[in-house]
Amino acid sequence: MTGNIGGLPPFLTLVGQPVTVELKNDLAITGVLVSVDQFLNIKLDNIKVVDEERYPHMLAVKNCFIRGSVVRYVQLPAPSVDTALLQDAARRERQQPATGARK
Amino acid sequence: MSDQLRSLVDHPVFVYLTDGRTLVGQLMGYDQAANVILGKTHERIFSSTEGMKSVAIGVYVIRGETIALIGELDEELDDQADYDEMKVEPLDPVIL
């Protein structure tokens, strides 16, 4: 990830935004991003399962914690992402990796 | 991470495991690895031919690795749901 993983700046600006988390088994959940941690565990509020007719199992669940290890994608609203900033941060990260990163 | 689950302690929760199983129970404790202690646990077994069945299995310690998702169970919505008529395939397992 770019920049400081501990603080996760790219994700911090997304708290409060609607995102869609797609799990590795294709299940997708839309919700408001509440928090993210260093493992990319994700907490969402006001969740709605995408394709809820196929997945009524969770209709009584309104907010959830998703373990980072099962996430395939996090779909972000395009206007929320400053791609120029991310590209800069990624370039700097490649030249000078933060703790624990490989080149 | 501890913050993320702290708000769910002592609440009824829905736990979705990587093998596809769905459990409900009371979140009693957790740690940094998202290992979890679940009290009053019921396994919810879904089938496309019969309504949902709930099997009581007591107190469980669940290894964080096998947890895909933990949701706060809204008891009002849960009571309103007609699980006897809910004929759906069980949730898919997650292949890591």
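This is a predicted model: local features need pLDDT of at least 70, side-chain atom pairs count only at pLDDT 80 or more; totals for chains, interfaces and linings use all residues.

Modeller: Residues are numbered from 1 along each chain as its sequence is written, chains are lettered from A and ligands numbered from 1 in the order in which they are written, and side-chain values use heavy atoms, with hydrogens and water left out.

Biologist: How many salt bridges does the structure hold over all chains?

Modeller: Side chains of opposite charge can pair when their charged atoms come close. A salt bridge is taken here as a side-chain nitrogen of Lys or Arg within 4 Å of a carboxyl oxygen of Asp or Glu, and the structure holds eight of them over all chains. In one of these, the side chains of Arg72(A) and Glu22(A) meet with N and O 2.7 Å apart. Helices (H or I, at least four residues) and strands (E, at least two) are DSSP runs, numbered from the N terminus.

Biologist: Is Glu22(A) buried or exposed?

Modeller: Buried means under 20% relative accessible area, exposed over 50%, and partly exposed in between (1.4 Å probe, protein chains only). Glu22(A), at 15% relative accessibility, counts as buried, whereas Arg72(A), at 34%, is partly exposed.

Biologist: Which residue forms a salt bridge with Asp88(A)?

Modeller: The partner is Arg91(A), with the closest N and O atoms 2.9 Å apart. Asp88(A) and Arg91(A) are three residues apart in helix α2 (residues 83-95) of chain A, and therefore about one helical turn separates them. In chain B, Glu50(B) and Lys53(B) meet in a salt bridge at 2.5 Å, N to O; Glu50(B) is partly exposed at 42% relative accessibility, and Lys53(B) is partly exposed with a relative accessible area of 42%. Elsewhere, salt bridges that share partners join Glu22(A), Asp26(A) and Arg72(A) into one network.

Biologist: Which residues have the most contacts inside the largest nonpolar core?

Modeller: A nonpolar core is a set of buried Ala, Val, Leu, Ile, Met, Phe, Trp, Tyr and Cys residues joined through side-chain atoms within 4.5 Å. The largest has 35 residues, and those with the most contacts inside it are Ile29(A), Leu44(A), Ile66(A), Tyr16(B) and Leu69(B). The elements giving two or more residues to this core are β1, β2 (28-36), β3 (42-49) and β4 (61-66) of chain A together with β1 (12-17) and β5 (67-73) of chain B. Its largest share, four residues, comes from β3(A).

Biologist: What is the area buried between chain A and chain B?

Modeller: Buried area is the accessible area (1.4 Å probe) that two parts lose on being put together, summed over both. Between chain A and chain B it is about 2,500 Å², of which carbon and sulfur atoms give 63%. His57(A), Phe65(A) and Arg67(A) supply 30% of the area that chain A buries against chain B, more than any other three residues. The count of salt bridges between chain A and chain B is zero.
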